[in-house]
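Please look through the sequence and the model shown here before reading on. The report is meant to be read slowly, with the structure in view.

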Amino acid sequence: MSLKLTELEQPDFERLVLAEDSDAGLRALICVHSTALGPAAGGCRMWDYASDDEAVADVTRLARGMTYKNAMADLGLGGGKSVIIGDARRDKTPDLMRAFGRAVESLQGSYYTAEDVGISTEDMAFAAEETRYAVGLAGGDHGSGDPSPWTAEGVFRCLKVGAAHVFGSDDLTGRKVLVQGLGHVGMSLAEKLKDAGAHLIVTDINDAALEDASTRLGAEVIAPDQVFQQEMDIFAPCALGGALNAGTVPQLTARLVCGAANNQLSTPEMARVLQDRGITYLPDYVVNAGGIISAAGEIHRRGENYRRARLDGIAGRVQEMLQRADAEGRTTNEIANAMVDQMLDKANAA
Ligand code: NAD
C-alpha cells in the first residue's frame, strides 16, 4: 500500500490528518492547529499510544501548545505537531521515516516537522529525503542540529529577567538556584548559572550527571525526593512535566520558578496557587522557546543574529508579562495566553 491520507474532523483545528503506509509500517497523525501567523511548526513524537483516541488527544494538545509557543517567540509560524504511533525502539526504520516525510510533504508546506520524544536528528534526515519541510537537521547550509543549547540560553535570559523582577537585581551571585534534571538543557543551564556566580543545587536520577555537576561545577547535590524540602531562591525544573502540583507547590521555598521542562504545572490552577504563595512563575512555553527559535532559523534560512534577536524578544515579553500580571492581578499564564489570543485575533481579522 502506498501512502494513504485521511482527513479527520477536529473542531477548532485547521487540519488533522491520519497518514498510513502499511508497507513502511507507518501510522501517524499530523495536526495543524493554526496557520494564522504563518506555516505551522512543531516536532514529531513517536510513542506507543494505548489507543488512537489517546494519540489524537496528545497531538491536538501539543499542536495547540505550539501555536502559543511560536506566537510568543515571534517566529512568523503557526502551531502544529505530529505523532507516529509505535514503539520508537522496536518499530522505527528508515523506511517508516521516509513514509512520514512523504506525508509531511503532502501538506505542501502548511506544516514543518522536527525531532521530539523518540525521534532523533538522524531519523529526521530520512524524512528529509522525502520532504522539504523537515528541520532540526544536523547538516546542510542552515541545519540547526541540537536545539538544547538555545533552549538553555533562553531559559537563562528569562531567569535573569525574573530575578530582576522578584529580587530587584538580576545579579545571581550567591543566589540559591535548584536545577532539577541535568540532561541536555539542564546541564547547559547549570553551566551558565555557575558562570553567573549562583549557588548551584542540582538533582537527577542519573548519578553520572550529578558527579559531573559536582566535580566540574562545584554544585551541591541533593536526592530527587529532597527538592521540595530544600531552601532555595529559584527553582529551575528541567526534567519531566508535572513538577508543580498540589503536593509540591505548598512546600516550595523558591520565590521564582523558571525552567525548561514542558508542562510544569500539573493543572492550570497551579499558576494561581503559586501566585497566592508569592511565587513568581514564568510560563514554560514562553521561556523554553529557544529550541523552536533555533528550528525557525532553519525554516527561514536565517543565522545566529536572527536567533539571538528572538531570544531577546522572549526575555522582553517575560518582562511585559510580569508587569501586566502585577498591574492586573492575573497570573503570568493568564497574561501570556491573553497576549497570544490578541495576536491571533489580530491576524485572523486582517
Ligand atoms: P533530557 O532527557 O536530556 O534530560 C532530562 C533529565 O532529567 C535527564 O538527565 C534525566 O535523568 C532527568 N530526570 C528524569 N526524571 C527525573 C527526576 N524525577 N528527578 C530529577 N531528574 C530527573 O531532556 P532535555 O532535552 O534536557 O529536556 C528537559 C526538559 O525540557 C523536558 O521536559 C523537555 O521536554 C523540555 N524541553 C527541551 C527542549 C530542548 O531543546 N531539548 C526544548 C523545550 C523543552
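The paragraphs below take up the domains, the nonpolar cores, a group of strands, an annotated site and the cysteines.

This is a predicted model, in which local features need pLDDT of at least 70 and side-chain atom pairs count only at pLDDT 80 or more, whereas totals for chains, interfaces and linings use all residues. Residues are numbered from 1 along each chain as its sequence is written, and side-chain values use heavy atoms, with hydrogens and water left out.

**Domains and cores**

The domain assignment gives domain 1 (3-63 + 81-128) and domain 2 (148-290 + 317-341), with bounds that come from an automatic or database assignment. The C-alpha centres of domain 1 and domain 2 lie 30 Å apart.

A nonpolar core is a set of buried Ala, Val, Leu, Ile, Met, Phe, Trp, Tyr and Cys residues joined through side-chain atoms within 4.5 Å. Here buried means under 20% relative accessible area, exposed means over 50%, and partly exposed lies in between, as found with a 1.4 Å probe and protein chains only. The largest nonpolar core has 92 residues, and the members that touch the most others are Ile84, Phe100, Leu182, Leu193 and Val318. Helix α5 (residues 148-167) gives the largest share of this core, ten residues, and the core draws at least three residues from each of domain 1 and domain 2. A second, separate core of 18 residues includes Leu178, Ile201, Ala254 and Leu274.

When neighbours within four places in sequence are left aside, Ile84 is in contact with residues including Leu26, Cys44, Trp47, Phe100 and Ile119, where contact means heavy atoms within 4.5 Å.

**Strands around β3**

Helices (H or I, at least four residues) and strands (E, at least two) are DSSP runs, numbered from the N terminus. Strand β3 (residues 26-34) is mostly covered, since eight of its nine residues are buried. Two strands pair if DSSP finds at least two bridges between them, and β3 has such pairings with β2 and with β6. Strand β2 (residues 15-21) pairs with β3 in the antiparallel sense over seven bridges, and Leu18 has Leu29 in β3 as its bridge partner. These two strands form a hairpin with four residues between them, and Gly25 in the turn has a positive phi of about 75°. Strand β6 (residues 78-85) also runs antiparallel to β3, joined by six bridges, and the bridge partner of Cys31 in β6 is Lys81.

**An annotated site**

Which residues does UniProt list under "binding site"? The unreviewed entry lists Gly181, Leu182, Gly183, His184, Val185 and Gly186; such annotations may be inferred rather than shown by experiment, and their positions are given in the numbering used here, with feature names shortened. His184 is in helix α6 (residues 184-195), and His184 counts as exposed because its relative accessibility is 64%. Gly186 is also found in helix α6, yet Gly186 is buried, with a relative accessible area of 0%. Apart from residues up to four places away in sequence, Gly186 touches Val179, Gly181 and Cys238, while His184, with neighbours within four places left aside, is in contact with Asp146 and Ser148.

**Cysteines**

A disulfide is a pair of cysteine sulfur atoms within 2.5 Å, and by this rule the count comes to zero. The table gives two cysteines whose closest cysteine sulfur is too far for a bond.

| Cysteine | Closest cysteine sulfur | Sulfur distance |
|---|---|---|
| Cys44 | Cys31 | 13 Å |
| Cys158 | Cys258 | 5.7 Å |

Cys44 is buried, with a relative accessible area of 0%, and Cys158 is likewise buried at 0%.
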